Amino acid sequence: MQEDAVTAVLNRLRRAQGQLTGIITMIEDGRDCADVVTQLAAVSRALDRAGFKIVASGMRQCLKGDEAESSSMTEEELEKLFLALA
């Protein structure tokens, strides 16, 4: 992955990690179920965005035909990654 993509993915994963910590605390404190579900949805979005960023970076790398051609993903591999996020 390119440096900018790595930074974005790590930021999104760290955000999700923080949100999960908050959700665990909410559950331990007996917070309302609706609040917990709302926060879980936010974590899900953060993880989805990280995954899509990884796939988009892989697609960009494949389309550019980088000199490290052997490390680029095939169309089939990209399709499997997209489907895994669904």
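**Notes on the predicted model**

1. Arg-12 counts as buried because its relative accessibility is 17%, where buried means under 20% relative accessible area, exposed over 50% and partly exposed in between (1.4 Å probe, protein chains only). Arg-12 is found in helix H1, helices being DSSP runs of H or I with at least four residues and strands runs of E with at least two, numbered from the N terminus. Leaving aside neighbours within four places in sequence, Arg-12 is in contact with Ala-46, Arg-49, Ala-50 and Lys-53, contact meaning heavy atoms within 4.5 Å.

2. Residues are numbered from 1 along each chain as its sequence is written, and side-chain values use heavy atoms, with hydrogens and water left out.

3. The mean pLDDT of the protein chain is 81, and 85% of its residues reach 70 or more; pLDDT is the predictor's confidence in each residue, from 0 to 100. Confidence is highest in H1, at a mean of 89, and lowest in helix H3 (residues 75-85), at 75.

4. The protein chain has 3 helices and 0 strands, and its elements run α-α-α from the N terminus on. Of the 86 residues in the chain, 23% are buried. Among contacts between residues at least 6 apart in sequence, 58% join residues at least 24 apart.

5. Leu-13 is also found in helix H1, and it counts as partly exposed because its relative accessibility is 38%. Its contacts, leaving aside neighbours within four places in sequence, are with Leu-47 and Ala-50. The C-alpha atoms of Leu-13 and Leu-47 are separated by 6.5 Å, although these residues are 34 apart along the chain.

6. Not counting residues up to four places away in sequence, Ile-23 touches Val-36, Gln-39, Leu-40 and Val-43. As general background, nonpolar side chains tend to be buried together in soluble globular proteins.

7. Ser-44 is found in helix H2 and, at 36% relative accessibility, counts as partly exposed. Its C-alpha atom and that of Leu-20, 24 residues apart along the chain, are separated by 9.9 Å.

8. The structure holds 1 salt bridge, the term meaning a side-chain nitrogen of Lys or Arg within 4 Å of a carboxyl oxygen of Asp or Glu. The side chains of Asp-35 and Arg-31 meet in it, at 3.5 Å from N to O. Asp-35 counts as partly exposed at 32% relative accessibility, and Arg-31 is partly exposed with a relative accessible area of 45%.

9. Phe-52, Met-59, Leu-63 and Phe-82 make a nonpolar surface patch of about 390 Å². Patches are made of residues with over 30% relative accessible area and no salt bridge, like charges being joined within 9 Å and nonpolar side chains (Val, Leu, Ile, Met, Phe, Trp, Tyr) within 5 Å. Helix H2 (residues 33-64) gives the most to this patch, with 3 residues. Leu-63 lies in helix H2 and counts as exposed because its relative accessibility is 72%.

10. For the chain as a whole, the accessible surface comes to about 6,100 Å², of which 56% belongs to carbon and sulfur atoms. Accessible areas come from the Shrake-Rupley method with a 1.4 Å probe, and for residues only the protein chains shown count as cover.

Key:
Predicted model: local features only at pLDDT ≥ 70, side-chain atom pairs only at ≥ 80, totals over all residues.
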